[in-house]
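The sequence and structure come first, followed by the points grouped by topic.

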Amino acid sequence: MDWKLEGSAQKTESHVLQEQEVTLEDTGEDGISESFQLLQIDMECEHREEMTLPTSNAVWRSKNVQRKQRHWEKIVAAKKSKRRQEKERRKANRVENSGIYPQHSKRFLRSLTKERLLEAKHSGPRLCIDLSMTHHMSKKELSRLAGQIRRLYGSNKKADRPFWICLTGFTTDSPLYEECLRMNDGFSSYLLDIAEEDCFSLFPLETLVYLTPDSEHALEDVDLNKVYILGGLVDESIQKKVTFQKAQEHSVKTARLPIQEYMVRRQNGKNYHSEILAINQVFDILSTYFETQNWPEALKKGVSSRKGYTLQNSVE
């Protein structure tokens, strides 16, 4: 009985092996190659699944990194939006403020400014800045004066009817000249006259009008035949009547801005009232009046509230 079962098992195993051999013979080499290809594809798929699955030891992008990335993207987007708005604002301002030349380039506008300034040299009003008193000034005062000259020249460039400016008593080896070069970009190419002589020897005395707050005569109008002088003096010690006395020494007419005629003193805690203005503030008043022929409007532009004055018709 046992011998029969063992023999039957051997026959069955032999029969299975024969069937496998028959199967391999039927499939041939092509079948074996195809089986290996399928096996390789399965292994690659398993490898990719393992790579994509997160593990407990390494997280591809932590929550902190994602939060920082989102925060940075918001900053970049805000900066882009701000630049876009600023660009649109500048474009709108150019169209609004450039008058009849909104479509022209900066080079054309610079050429137009140069043409207006050169025209003022021949037919416009003249403004002389007397710099013969700077040797008494400190380094700090010289720096302030250089800044005032820069602002004055900038205002004149923007004016529709500019003045022709002349800096007198001004030497190229002076501390003020060095300070102007240091503080004012392009100062050496400013469209103005520079003279070492003082204003009293450059122009006929009868054409000169020295503007000083100590004068008894209020300026009524801007005369194209006159040369108006501003004292280039920044004196923190506030020396009295320096420019007025200098004009009297040369028998030159004087005038003051009509602050007293169009403005009144305003009460303030310090009880401070002063008609002494920086040269660029005086120029802003002259330039505005020359264009508008309106003293209240001109004084409002140049006389700040810190001076303790306000227009007569102003409502406090």
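**Briefing on the predicted model**

Leaving aside residues up to four places away in sequence, Leu152 touches Leu127, Ile129, Ile165, Leu230, Ile279, Asn280 and Phe283. The model is predicted. Its protein chain has 10 helices and 8 strands. Of the chain's 316 residues, 34% count as buried. Among contacts between residues at least 6 apart in sequence, 77% join residues at least 24 apart.

**Leu152**

- Leu152 is found in helix H4.
- The relative accessible area of Leu152 is 1%, so this residue counts as buried, the cut-off for that class being under 20%.
- Leu152 and Asn280 are 128 residues apart along the chain, yet their C-alpha atoms are separated by 4.5 Å.
- Among the residues that Leu152 touches are Ile279, Asn280 and Phe283, which also belong to the H9 side of the contact between H4 and H9.
- Leu230, another residue touched by Leu152, is one of the buried residues of strand E5.

**Helix H4 against helix H9**

- Helix H4 spans residues 139–158 and helix H9 spans residues 279–292; their axes are 8 Å apart and the packing angle is about 20°.
- H4 and H9 are therefore roughly parallel to each other, since angles under 35 degrees fall in that class.
- The crossing of these two helices, H4 and H9, is right-handed.
- On the H4 side the contact involves Leu145, Gln148, Ile149, Arg151, Leu152, Ser155 and Asn156, and on the H9 side Ile279, Asn280, Phe283 and Asp284.
- Sorted by class, the contact of H4 with H9 has 5 nonpolar, 4 polar and 2 charged residues.

**Helix H3 against helix H4**

- The axes of helix H3 (residues 106–123) and H4 come within 9 Å, with a crossing angle of roughly 100°.
- That angle makes H3 roughly perpendicular to H4, the range for this class being 65 to 115 degrees.
- H3 contributes Thr113, Arg116 and Leu117 to the contact, and H4 contributes Tyr153, Asn156, Lys157 and Lys158.
- By class, the contact of H3 with H4 has 2 nonpolar, 2 polar and 3 charged residues.
- Asn156 of H4 takes part in the contact with H3 and also in the contact with H9.

**The sheet**

- Six strands form an open sheet in the order E3-E2-E1-E5-E4-E6, and the pairing is parallel.
- Strands E3 (193–194) and E6 (253–255) are the edge strands, each pairing on one side only.
- Strand E2 (residues 164–168) runs parallel to E3 and is joined to E3 by 2 bridges.
- In E3, Asp193 stands opposite Cys166.

- Strand E1 (residues 126–130) runs parallel to E5, and 5 bridges join the two.
- Cys128 stands opposite Ile229 of E5.
- Strand E4 (residues 208–211) also runs parallel to E5, and 4 bridges join this pair.
- Leu211 has Leu230 of E5 as its bridge partner.

Terms used:
Residues numbered from 1 in each chain as written. Predicted model: local features only at pLDDT ≥ 70, side-chain atom pairs only at ≥ 80, totals over all residues. Heavy atoms only, no water. Axes fitted to C-alpha atoms, helices over the stretch in contact; angles between N-to-C directions. Parallel < 35°, antiparallel > 145°, perpendicular 65-115°, else oblique. Left-handed = near helix turned anticlockwise from the far one by under 90°. Contact = heavy atoms within 4.5 Å. Nonpolar A, V, L, I, M, F, W, Y, C, P; charged D, E, K, R; others polar. Buried < 20%, exposed > 50% of the residue type's maximum accessible area, 1.4 Å probe, protein only. Pairing = 2+ DSSP bridges.
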